[in-house]
Amino acid sequence: MAEQMDPVINALSAVKRVTKNGGEYWMARDIQEILGYQRWENFENIIGKARQSCESAGNDPLNHFRESTKMVEIGSTARVKTTDYFLSRYAAYVVAMNGDSSKPEIATAQAYFALQTTRQEISEQISGVDKRIELRDRVRLANKDLASAAKQAGVVRYGVFQAA
């Protein structure tokens with residue numbers, strides 16, 4: 001499959017993180033160079049546009065773009081604070097959508113996140129169907145148990161009993 005051979009897709013998959021609840025997220029500094037941005041300042045501008053886009057779509061950016069700071073070494077013993085962002089799947093997708101589409105990495109990332117979104121939607125639909133099937137089976141078994149108990153109790157007119 002092309003998905004497995006593309007280095008951008010492999011890199012995005014490799015740096016994806018998962019919360020204990022199963023939510024996917026990425027760190028902005030982890031995907032900056034994958035998306036073809038050498039300078040953090042340029043990439044941070046894309047994040048700003050993505051946050052605006054998120055808000056314009058009626059979503060709270062704080063739910064998708066969580067700013068963070070971390071200490072990184074810049075020399076033998078020197079350390080400096082740097083800004084980073086936790087990006088939800090939606091945020092990473094919006095960042096890719098707001099990136100420079102002339103960059104092949106951005107075009108590939110846009111396709112990747114669109115595909116992942118479609119897969120998630122299909123998965124959620126399937127899990128909804130599975131839940132309905134499970135509920136139907138539970139109701140069917142409960143009705144069998146009720147009919148058996150009614151018969152043992154001597155109910156003759158089961159239709160009237162069940163309607164009551």
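Exposed here means over 50% relative accessible area, buried means under 20%, and partly exposed is in between, with a 1.4 Å probe and protein chains only. Helices (H or I, at least four residues) and strands (E, at least two) are DSSP runs, numbered from the N terminus.

Two notes on the source. This is a predicted model, in which local features need pLDDT of at least 70 and side-chain atom pairs count only at pLDDT 80 or more, while totals for chains, interfaces and linings use all residues. Residues are numbered from 1 along each chain as its sequence is written, and side-chain values use heavy atoms, leaving out hydrogens and water.

Back to H4, which runs over residues 40–56. Its 17 residues reach 24 Å from the first C-alpha to the last, close to the 24 Å expected at 1.5 Å a residue; the expected span is 1.5 Å times one less than the number of residues. Which residues of H4 are buried? They are Trp-40, Phe-43, Ile-46, Ile-47, Ala-50 and Cys-54. Seen down the axis of H4, these buried residues fall within an arc of 115°, so they line one face of the helix. The arc is that of the directions from the helix axis to the C-beta atoms. The cover over them includes helix H3 (28–32), strand E3 (65–73), strand E4 (79–88) and helix H5 (89–98), with contact meaning heavy atoms within 4.5 Å. After H4 comes Gly-58, with a positive phi near 90°.

Next, salt bridges: a side-chain nitrogen of Lys or Arg within 4 Å of a carboxyl oxygen of Asp or Glu. How many does the structure hold? There are 6. One of them joins Glu-24 to Lys-16, with the closest N and O atoms 3.3 Å apart. Lys-16 is partly exposed, at a relative accessible area of 28%. Lys-16, Glu-24 and Arg-89 are linked in a network of salt bridges.

Arg-39 pairs with Glu-41, the closest N and O atoms being 3.5 Å apart, and Glu-41 is partly exposed at 44%.

Arg-140 is partly exposed at 44% relative accessibility, and Asp-137 is partly exposed at 34%.
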